[in-house]
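Work through the exercises below with the sequence and the model side by side. Each task is followed by a solution that goes step by step.

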Amino acid sequence: MSDTAQPEDFVDHVRLGWAETHPGFDTRPIDVIGRITRISSLALSQLDRELVPSGVTRPEFEVLCALARSNTPLRASEVTSVTGLSGASTTKHADRLVGLGLVERRRFERDGRVVLLSLTEAGRAVVDAEFPRRVERERCMLDGFTDDELDTLTALLRRLTRAVEDHTRH
């Protein structure tokens with residue numbers, strides 16, 4: 001059991017296993033990173049399941065959301081930049097979304113070599129239906145936290161995100 005007298009969770013069991021096999025080794029980073037990884041895995045698996053009826057995968061939904069957030073059509077490289085997908089993955093997902101009629105490709109007027117991606121009405125409908133459900137699921141995951149706790153957690157996770165981003169750039 002952890003120091004805060006909370007019930008043990010999956011990560012506590014992982015740490016206990018490491019403590020038994022590597023006594024004296026500080027596994028405290030697992031308390032934080034292990035839980036973030038676990039939360040991410042569970043949340044993304046739930047999103048995957050929830051998206052099945054829409055006919056799109058989670059990465060495809062991320063492409064749709066990137067396009068929905070933009071006021072203008074985007075180049076594939078811009079979609080890649082805002083989603084974190086690889087360029088090849090963005091192309092693959094865009095191809096499928098075009099085939100489903102959710103995204104359209106258009107040549108850039110000033111340079112015909114540049115292809116822009118934008119949502120179709122059907123693509124916008126998928127985002128408009130699924131995005132609120134996603135936010136509500138995530139809100140439910142945070143039930144039981146006060147506004148102050150959520151503000152503190154957000155601030156701490158923002159610091160951690162910046163630290164990880166800075167560390168991975170070097």
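A residue is called buried when its relative accessible area is under 20%, exposed when it is over 50%, and partly exposed in between (1.4 Å probe, protein chains only). The model is predicted, so local features need pLDDT of at least 70 and side-chain atom pairs count only at pLDDT 80 or more, while totals for chains, interfaces and linings use all residues. Residues are numbered from 1 along each chain as its sequence is written, and side-chain values use heavy atoms, with hydrogens and water left out.

**Exercise 1. Describe how helices α1 and α2 pack, and name the residues in contact.**

Step 1. Find the two elements: helix α1 covers residues 10–21 and helix α2 covers residues 28–51, where helices (H or I, at least four residues) and strands (E, at least two) are DSSP runs numbered from the N terminus.

Step 2. Two packed helices are described by the angle between their axes and the distance between the axes. For α1 and α2 the angle is about 140° and the axes are 9 Å apart; axes are lines fitted to C-alpha atoms, for helices over the stretch in contact, and angles run from 0 to 180 degrees between N-to-C directions.

Step 3. The pair α1 and α2 is therefore oblique, given that angles under 35 degrees count as roughly parallel, over 145 as roughly antiparallel, 65 to 115 as roughly perpendicular and the rest as oblique. The crossing of α1 and α2 is right-handed, a term used if the near helix is turned clockwise from the far one by less than a right angle, with left-handed used if anticlockwise.

Step 4. On the α1 side, the contact (heavy atoms within 4.5 Å) is made by Phe-10, Val-11, Asp-12, Val-14, Arg-15 and Trp-18, and on the α2 side by Arg-28, Ile-30, Asp-31, Gly-34, Arg-35 and Arg-38. Sorted by class, this contact of α1 with α2 has five nonpolar, one polar and six charged residues; Ala, Val, Leu, Ile, Met, Phe, Trp, Tyr, Cys and Pro count as nonpolar, Asp, Glu, Lys and Arg as charged, and the others, Gly among them, as polar.

**Exercise 2. Locate the salt bridges of Arg-15 with Asp-31, of Arg-96 with Glu-60 and of Asp-95 with Arg-105.**

Step 1. A salt bridge is a side-chain nitrogen of Lys or Arg within 4 Å of a carboxyl oxygen of Asp or Glu, and the structure holds 14 salt bridges.

Step 2. The side chains of Arg-15 and Asp-31 meet at 2.4 Å, N to O. Since Arg-15 lies in helix α1 and Asp-31 in helix α2, the pair ties together parts that are 16 residues apart in sequence. Arg-15 counts as partly exposed, at 22% relative accessibility.

Step 3. Between Arg-96 and Glu-60 the closest N and O atoms are 2.7 Å apart. This pair links distant parts of the chain, with Arg-96 in helix α5 (residues 87–99) and Glu-60 in helix α3 (residues 58–69), 36 residues apart. Glu-60 is buried, with a relative accessible area of 3%, whereas Arg-96 counts as partly exposed at 38% relative accessibility.

Step 4. For Asp-95 and Arg-105 the closest N and O atoms are 2.2 Å apart. Asp-95 lies in helix α5 and Arg-105 in strand β2 (residues 103–108), so the pair ties together parts that are ten residues apart in sequence. Asp-95 counts as partly exposed at 38% relative accessibility, and Arg-105 is partly exposed with a relative accessible area of 38%.

Step 5. Salt bridges that share partners join Asp-9, Asp-12, Arg-15, Asp-31 and Arg-35 into one network.

**Exercise 3. Which residues make the contact between α2 and α6?**

Step 1. Helices α2 and α6 pack at an angle of about 145°, with their axes 11 Å apart, and their crossing is right-handed.

Step 2. The contact is made by Ala-43, Gln-46, Leu-47, Glu-50 and Leu-51 of α2 together with Glu-130, Arg-134, Arg-137 and Met-141 of α6. By class, the contact of α2 with α6 has four nonpolar, one polar and four charged residues.

**Exercise 4. Where is Phe-145 placed?**

Step 1. Phe-145 is in the loop between α6 (121–141) and α7 (147–169).

Step 2. Phe-145 counts as partly exposed, at 41% relative accessibility. Phe-145 and Ala-76, 69 residues apart in sequence, are 38 Å apart in space, C-alpha to C-alpha.
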